[in-house]
Amino acid sequence: MNTSIEQLTAALESVIANLKTNAYPNESAISTGVILRVLHLLGWDTYNPDFVWPEYGAGGRVDFALCFPEKKPAVFVEVKQPGKLIGADKQLFEYAFHEGVPFAVLCDGKTWGFYLPGVQGSYEERRVYKLDLLERTAKESAEKLIRYLEFERTKHGKALFDAKADHQDQNRRTLSKQTIPKAWKELVEGEDPSI
């Protein structure tokens, strides 16, 4: 199934409206009202535990393992109560490390963090993208969710490929922000009279 951006956008508009009224007060409400709804629209067979495995045992319990091929986790999704994401990345990374899962998502309904657990750096440095549904339009959010989580893109490795490419681009931009001002200062303050 190819994801309809229009259907996903409409669903996200509804989710955003519900988020604004605190309609998802706990992990269970977020799992059912946000995560499973979005995954279904992204082409995942949410009724088949071979593909969407709830409470996956990974040295603990990760809320959802998105599996392809069947029963082989490709993505872990950890759900937390609204505002309870701090510190949850460590737990998610431990699960992903033990199972060799290359892509992970941490979500409290409003905020979606997309991570590459296997790359070097702090948890923050391993984050590919942080999507806040209340800061983006529903269409922008739909595009990011399709990019990183659509079933067909996951199945063919395109979602992971793009996540890695986006992470590398992000690292290059960060490095540029750190080095260009320093190089400019050295150039301006340098003693080379030809400048």
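# Exercises on a predicted model

In this predicted model, helix α1 (residues 5-20) packs against helix α4 (residues 138-149) at an angle of about 120°, and their axes are 8 Å apart.

**Exercise 1.** Classify the packing of α1 against α4 from the angle between them, and describe the contact by residue type.

*Solution.* 
Step 1. The angle between the two helices is about 120°.
Step 2. Angles over 145 degrees count as roughly antiparallel, and those from 65 to 115 as roughly perpendicular.
Step 3. The crossing of the two helices, α1 and α4, is right-handed.
Step 4. From α1, the residues in the contact are I5, L8, T9, L12, E13 and I16. From α4, they are A138, K139, S141, A142, E143, L145 and I146.
Step 5. Sorted by type, the residues of this contact of α1 with α4 are eight nonpolar, two polar and three charged.

**Exercise 2.** Is L133 buried or exposed, and which residues does L133 touch beyond four places away in sequence?

*Solution.* 
Step 1. Locate the residue: L133 is in the loop between β6 (127-132) and α4.
Step 2. Buried means under 20% relative accessible area. L133 has 0% relative accessibility, so L133 counts as buried.
Step 3. Leaving out residues up to four places away in sequence, L133 touches L12, V15, I16, L19, G109, K110, W112 and S141.
Step 4. Take one of these partners, V15. L133 and V15 are separated by 118 residues in sequence, while their C-alpha atoms are 8.7 Å apart in space.
Step 5. For the protein as a whole, buried residues make up 43% of the 195 residues. Among contacts between residues at least 6 apart in sequence, 50% join residues at least 24 apart.

**Exercise 3.** In which sense do strands β1 and β2 pair, and over how many bridges? Which residue in their hairpin takes a positive phi?

*Solution.* 
Step 1. Strand β1 covers residues 52-57 and strand β2 covers residues 61-67.
Step 2. The two strands, β1 and β2, pair in the antiparallel sense, over five bridges.
Step 3. Across the pair, W53 stands opposite A65 in β2.
Step 4. The hairpin of β1 and β2 has three residues between the strands, and G59 takes a positive phi near 70°.

**Exercise 4.** How many helices and strands does the protein have, and in what order do the elements run?

*Solution.* 
Step 1. The protein has six helices and six strands.
Step 2. Read from the N terminus, the order of the elements is α-α-β-β-β-α-β-β-β-α-α-α.

Definitions and conventions: Residues numbered from 1 in each chain as written. Predicted model: local features only at pLDDT ≥ 70, side-chain atom pairs only at ≥ 80, totals over all residues. Heavy atoms only, no water. Pairing = 2+ DSSP bridges. Helix = DSSP H or I, 4+ residues; strand = E, 2+ residues; numbered from the N terminus. Axes fitted to C-alpha atoms, helices over the stretch in contact; angles between N-to-C directions. Parallel < 35°, antiparallel > 145°, perpendicular 65-115°, else oblique. Left-handed = near helix turned anticlockwise from the far one by under 90°. Contact = heavy atoms within 4.5 Å. Nonpolar A, V, L, I, M, F, W, Y, C, P; charged D, E, K, R; others polar. Buried < 20%, exposed > 50% of the residue type's maximum accessible area, 1.4 Å probe, protein only.
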